[in-house]
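The sequence and structure come first.

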Amino acid sequence: MAAENTALGYEQARDELIEVVRRLEAGGTSLEESLALWERGEELAAVCRRWLEGARARLDSAIAAREEAGECRED
């Protein structure tokens, strides 16, 4: 399942995570199914976290590059 997770985009992982949470909150699932949903939710949350951390790193890098180039001016 790890290879499947790396292929997921942020929006795909987020949307599936929303569905997992909805199903868990709705109840009516067996303990085994609830555990499987929870585990999948943890995996999806990790995928989202990696995407967001990568996006943050790219933004920080772009901001640092602008500052080094002297393009960032305070108003």
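**Helix α3**

The model is predicted. Helix α3 covers residues 31-68, a run of 38 residues. From its first C-alpha to its last, α3 reaches 55 Å, close to the 56 Å expected at 1.5 Å a residue. The buried residues in α3 are Leu37, Arg40, Gly41, Leu44, Ala46, Val47 and Cys48. The helix is followed by Gly70, which has a positive phi near 75°.

**Salt bridges**

How many salt bridges does a search of the whole structure find? The search finds six.

| Pair | N to O distance |
|---|---|
| Arg14 and Asp15 | 3.1 Å |
| Arg22 and Glu19 | 2.5 Å |
| Arg56 and Asp60 | 3.1 Å |

Arg14 and Asp15 form a salt bridge in which the closest N and O atoms are 3.1 Å apart. Arg14 has a relative accessibility of 33% and so counts as partly exposed. Asp15 is also partly exposed, at a relative accessible area of 42%.

The salt bridge between Arg22 and Glu19 lies in helix α2, residues 10-26. Because Arg22 and Glu19 are three residues apart in α2, about one helical turn separates them. Arg22 is partly exposed at 45% relative accessibility, and Glu19 is partly exposed with a relative accessible area of 35%.

With a relative accessibility of 46%, Arg56 counts as partly exposed. Asp60 counts as partly exposed too, at 40%.

**A network that includes a buried arginine**

Glu16, Arg40 and Glu43 are linked in a network of salt bridges. Is Arg40, a residue of α3, buried or exposed? Arg40 is buried. Buried here means a relative accessible area under 20%, so Arg40 falls below that cut-off.

Methods: Residues numbered from 1 in each chain as written. Predicted model: local features only at pLDDT ≥ 70, side-chain atom pairs only at ≥ 80, totals over all residues. Heavy atoms only, no water. Helix = DSSP H or I, 4+ residues; strand = E, 2+ residues; numbered from the N terminus. Expected span 1.5 Å × (residues − 1). Buried < 20%, exposed > 50% of the residue type's maximum accessible area, 1.4 Å probe, protein only. Salt bridge = Lys/Arg side-chain N within 4 Å of Asp/Glu carboxyl O.
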